[in-house]
Amino acid sequence: MNSLLQEITTLPGVFGCFVYSGERQIAASKMPPIFQNNNIKAIGNLLSRTVQVGNMAKLDFKEIEIKYKESLLIIKALADQALLILICEPSANKSMIAMTIKMLAGDIETAMAQSMKPTAAANNQPKQSKKSNTIKKLIPTLKRIKKALVITIGPIAGPVIKDSIEIWAKQNKPSLSSLPALTKLLCKEIDNEELEQKFMAEIK
(Lines give C-alpha, C1' and ligand atoms only; values in the text may rest on other atoms or scores of the structure.)
Protein backbone atom coordinates (compact mmCIF):
# COMPACT_ATOMS: atom_id res chain seq x y z
CA MET A 1 0.00 0.00 0.00
CA ASN A 2 2.91 2.36 0.67
CA SER A 3 3.87 2.35 -2.99
CA LEU A 4 0.33 3.40 -3.93
CA LEU A 5 0.41 6.29 -1.48
CA GLN A 6 3.87 7.24 -2.73
CA GLU A 7 2.39 7.55 -6.22
CA ILE A 8 -0.19 10.01 -4.88
CA THR A 9 2.42 12.14 -3.11
CA THR A 10 4.32 12.61 -6.37
CA LEU A 11 1.41 14.67 -7.70
CA PRO A 12 2.12 18.43 -7.80
CA GLY A 13 0.78 20.21 -4.75
CA VAL A 14 0.29 17.11 -2.59
CA PHE A 15 2.14 17.41 0.74
CA GLY A 16 1.29 13.90 1.90
CA CYS A 17 -1.46 11.34 2.39
CA PHE A 18 -2.50 8.50 4.66
CA VAL A 19 -5.16 5.81 5.05
CA TYR A 20 -7.21 5.77 8.26
CA SER A 21 -8.91 2.44 8.84
CA GLY A 22 -12.41 1.79 10.17
CA GLU A 23 -10.73 0.41 13.29
CA ARG A 24 -9.28 3.82 14.18
CA GLN A 25 -5.74 3.00 13.10
CA ILE A 26 -3.30 4.46 10.58
CA ALA A 27 -3.23 1.71 7.97
CA ALA A 28 -0.49 3.38 5.91
CA SER A 29 1.08 6.82 5.72
CA LYS A 30 3.22 8.93 3.43
CA MET A 31 3.19 12.13 5.42
CA PRO A 32 6.04 14.63 5.97
CA PRO A 33 8.11 14.00 9.14
CA ILE A 34 6.64 17.13 10.75
CA PHE A 35 3.37 15.19 11.15
CA GLN A 36 3.76 12.84 14.11
CA ASN A 37 1.67 9.67 14.33
CA ASN A 38 -0.53 10.96 17.14
CA ASN A 39 -1.32 14.11 15.12
CA ILE A 40 -2.12 12.08 12.01
CA LYS A 41 -4.36 9.80 14.07
CA ALA A 42 -6.16 12.80 15.57
CA ILE A 43 -6.86 14.18 12.09
CA GLY A 44 -8.10 10.77 10.93
CA ASN A 45 -10.35 10.37 13.96
CA LEU A 46 -11.91 13.82 13.51
CA LEU A 47 -12.58 13.28 9.81
CA SER A 48 -13.91 9.77 10.44
CA ARG A 49 -16.41 11.19 12.92
CA THR A 50 -17.43 13.86 10.40
CA VAL A 51 -18.17 11.22 7.77
CA GLN A 52 -20.08 9.05 10.26
CA VAL A 53 -22.26 11.95 11.37
CA GLY A 54 -22.88 12.87 7.72
CA ASN A 55 -23.92 9.31 6.92
CA MET A 56 -26.25 9.28 9.94
CA ALA A 57 -27.87 12.40 8.46
CA LYS A 58 -28.09 10.55 5.11
CA LEU A 59 -25.68 12.99 3.45
CA ASP A 60 -23.73 10.02 2.05
CA PHE A 61 -20.26 11.56 2.12
CA LYS A 62 -18.03 9.88 -0.48
CA GLU A 63 -15.56 12.68 -1.13
CA ILE A 64 -14.99 15.79 0.95
CA GLU A 65 -12.85 18.88 0.40
CA ILE A 66 -11.95 21.15 3.31
CA LYS A 67 -10.11 24.29 2.28
CA TYR A 68 -8.02 26.32 4.69
CA LYS A 69 -5.92 29.42 4.02
CA GLU A 70 -2.67 27.43 3.68
CA SER A 71 -3.85 23.91 2.89
CA LEU A 72 -6.51 21.77 1.27
CA LEU A 73 -7.78 18.49 2.73
CA ILE A 74 -9.22 15.93 0.33
CA ILE A 75 -10.97 12.94 1.89
CA LYS A 76 -12.05 9.88 -0.07
CA ALA A 77 -14.26 7.26 1.61
CA LEU A 78 -13.02 3.70 1.07
CA ALA A 79 -14.50 0.28 1.89
CA ASP A 80 -15.13 -0.78 5.51
CA GLN A 81 -15.33 2.83 6.76
CA ALA A 82 -11.68 3.53 5.88
CA LEU A 83 -10.63 6.96 4.60
CA LEU A 84 -7.93 8.10 2.20
CA ILE A 85 -6.85 11.55 3.38
CA LEU A 86 -4.67 13.94 1.35
CA ILE A 87 -3.14 17.20 2.56
CA CYS A 88 -2.43 19.51 -0.36
CA GLU A 89 -1.61 23.06 -1.33
CA PRO A 90 -4.76 25.18 -1.87
CA SER A 91 -3.76 25.62 -5.53
CA ALA A 92 -3.26 21.88 -6.18
CA ASN A 93 -4.74 20.48 -9.38
CA LYS A 94 -7.90 18.89 -7.97
CA SER A 95 -8.89 17.32 -11.28
CA MET A 96 -5.59 15.44 -11.57
CA ILE A 97 -5.78 14.40 -7.92
CA ALA A 98 -9.37 13.18 -8.31
CA MET A 99 -8.45 11.15 -11.39
CA THR A 100 -5.47 9.55 -9.62
CA ILE A 101 -7.51 8.70 -6.53
CA LYS A 102 -10.20 7.13 -8.69
CA MET A 103 -7.61 4.91 -10.38
CA LEU A 104 -5.86 3.85 -7.17
CA ALA A 105 -8.78 3.57 -4.71
CA GLY A 106 -9.60 -0.01 -5.70
CA ASP A 107 -5.97 -1.11 -5.34
CA ILE A 108 -5.71 0.56 -1.92
CA GLU A 109 -8.88 -1.22 -0.75
CA THR A 110 -7.50 -4.56 -2.00
CA ALA A 111 -4.19 -3.96 -0.20
CA MET A 112 -6.05 -3.16 3.01
CA ALA A 113 -8.20 -6.28 2.76
CA GLN A 114 -5.14 -8.47 2.22
CA SER A 115 -3.25 -6.94 5.14
CA MET A 116 -6.18 -7.64 7.47
CA LYS A 117 -6.68 -11.31 6.55
CA PRO A 118 -6.35 -13.56 9.62
CA THR A 119 -3.36 -15.89 9.50
CA ALA A 120 -5.21 -18.72 11.19
CA ALA A 121 -8.91 -18.16 10.66
CA ALA A 122 -9.93 -21.68 11.60
CA ASN A 123 -8.09 -21.53 14.94
CA ASN A 124 -9.33 -18.07 15.77
CA GLN A 125 -12.99 -18.75 15.06
CA PRO A 126 -13.90 -20.60 18.29
CA LYS A 127 -12.19 -17.92 20.35
CA GLN A 128 -14.11 -15.15 18.59
CA SER A 129 -17.36 -17.07 19.01
CA LYS A 130 -16.75 -17.48 22.74
CA LYS A 131 -15.95 -13.79 23.06
CA SER A 132 -19.12 -12.92 21.15
CA ASN A 133 -21.25 -15.03 23.52
CA THR A 134 -19.68 -13.31 26.51
CA ILE A 135 -20.49 -9.89 25.06
CA LYS A 136 -24.12 -10.98 24.59
CA LYS A 137 -24.36 -11.64 28.33
CA LEU A 138 -23.09 -8.12 28.95
CA ILE A 139 -25.67 -6.50 26.64
CA PRO A 140 -27.89 -5.12 29.45
CA THR A 141 -24.88 -3.42 31.04
CA LEU A 142 -23.61 -2.15 27.67
CA LYS A 143 -27.04 -0.71 26.93
CA ARG A 144 -26.91 1.27 30.17
CA ILE A 145 -23.46 2.57 29.24
CA LYS A 146 -24.78 3.56 25.81
CA LYS A 147 -27.71 5.39 27.42
CA ALA A 148 -25.28 7.34 29.61
CA LEU A 149 -23.22 8.21 26.53
CA VAL A 150 -26.31 9.38 24.60
CA ILE A 151 -27.20 11.67 27.51
CA THR A 152 -23.64 13.02 27.43
CA ILE A 153 -22.87 13.53 23.72
CA GLY A 154 -26.16 12.98 21.90
CA PRO A 155 -26.92 10.87 18.78
CA ILE A 156 -23.28 10.41 17.81
CA ALA A 157 -23.06 8.01 20.78
CA GLY A 158 -24.22 5.12 18.55
CA PRO A 159 -21.17 4.85 16.25
CA VAL A 160 -18.81 5.89 19.07
CA ILE A 161 -19.81 3.05 21.39
CA LYS A 162 -19.97 0.53 18.53
CA ASP A 163 -16.39 1.25 17.49
CA SER A 164 -15.17 1.40 21.08
CA ILE A 165 -16.74 -1.96 21.95
CA GLU A 166 -15.02 -3.57 18.96
CA ILE A 167 -11.64 -2.19 20.09
CA TRP A 168 -12.32 -3.14 23.74
CA ALA A 169 -13.28 -6.70 22.79
CA LYS A 170 -10.07 -7.13 20.82
CA GLN A 171 -7.82 -5.70 23.53
CA ASN A 172 -9.51 -7.27 26.56
CA LYS A 173 -11.39 -10.35 27.68
CA PRO A 174 -14.99 -9.04 27.76
CA SER A 175 -16.27 -9.22 31.32
CA LEU A 176 -17.64 -7.01 34.07
CA SER A 177 -14.13 -6.67 35.48
CA SER A 178 -12.78 -5.30 32.16
CA LEU A 179 -15.56 -2.70 31.72
CA PRO A 180 -13.34 0.08 33.15
CA ALA A 181 -11.16 -0.38 30.05
CA LEU A 182 -14.23 0.28 27.88
CA THR A 183 -15.18 3.40 29.83
CA LYS A 184 -11.59 4.61 29.47
CA LEU A 185 -11.85 4.21 25.67
CA LEU A 186 -15.14 6.10 25.66
CA CYS A 187 -13.71 8.93 27.76
CA LYS A 188 -10.83 9.16 25.30
CA GLU A 189 -13.37 9.55 22.47
CA ILE A 190 -15.33 12.20 24.40
CA ASP A 191 -12.08 14.15 24.87
CA ASN A 192 -13.66 16.81 27.07
CA GLU A 193 -13.06 16.86 30.83
CA GLU A 194 -16.46 18.29 31.74
CA LEU A 195 -18.34 15.84 29.51
CA GLU A 196 -16.19 12.94 30.75
CA GLN A 197 -17.20 13.76 34.32
CA LYS A 198 -20.84 13.93 33.28
CA PHE A 199 -20.57 10.56 31.53
CA MET A 200 -18.92 8.89 34.53
CA ALA A 201 -21.58 10.37 36.82
CA GLU A 202 -24.33 8.94 34.59
CA ILE A 203 -22.70 5.50 34.69
CA LYS A 204 -22.47 5.53 38.46
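Predicted model: local features only at pLDDT ≥ 70, side-chain atom pairs only at ≥ 80, totals over all residues.
Helix α1 spans residues 2–9, and its buried residues are L4, L5, I8 and T9. These residues lie on the same side of α1, because the arc they cover around the axis is only 145°. An α-helix has 3.6 residues a turn, so residues three or four places apart point the same way. The cover over the buried residues of α1 includes the strands β1 (14–20), β2 (26–30) and β5 (83–88), together with helix α3 (94–115).

Helix α3 also holds T100. With a relative accessible area of 7%, T100 falls under the 20% limit and is therefore buried. When neighbours within four places in sequence are set aside, the contacts of T100 are with I8 and L11. I8 is itself one of the buried residues of α1.

The second topic is open space. Rolling a probe the size of a water molecule over the atoms shows where empty space is left. The largest pocket of the model has a volume of about 590 Å³. Its lining consists of 21 residues, of which Y20, R24, N45, K188 and E189 are the closest to the centre. Two or more lining residues come from each of the helices α2 (37–56), α6 (157–171) and α7 (179–190). Helix α2 gives the largest share, with six residues. Sorted by class, the lining comprises nine nonpolar, seven charged and five polar residues.

Conventions
Residues numbered from 1 in each chain as written. Heavy atoms only, no water. Buried < 20%, exposed > 50% of the residue type's maximum accessible area, 1.4 Å probe, protein only. Helix = DSSP H or I, 4+ residues; strand = E, 2+ residues; numbered from the N terminus. Arc of directions from axis to C-beta. Contact = heavy atoms within 4.5 Å. 1 Å grid on protein atoms, 1.4 Å probe; cavity = no way out; pocket = protein on both sides within 12 Å on 5 of 7 lines; lining within 4 Å. Points joined across faces, edges and corners; volume = space filled by probe spheres on them. Nonpolar A, V, L, I, M, F, W, Y, C, P; charged D, E, K, R; others polar.
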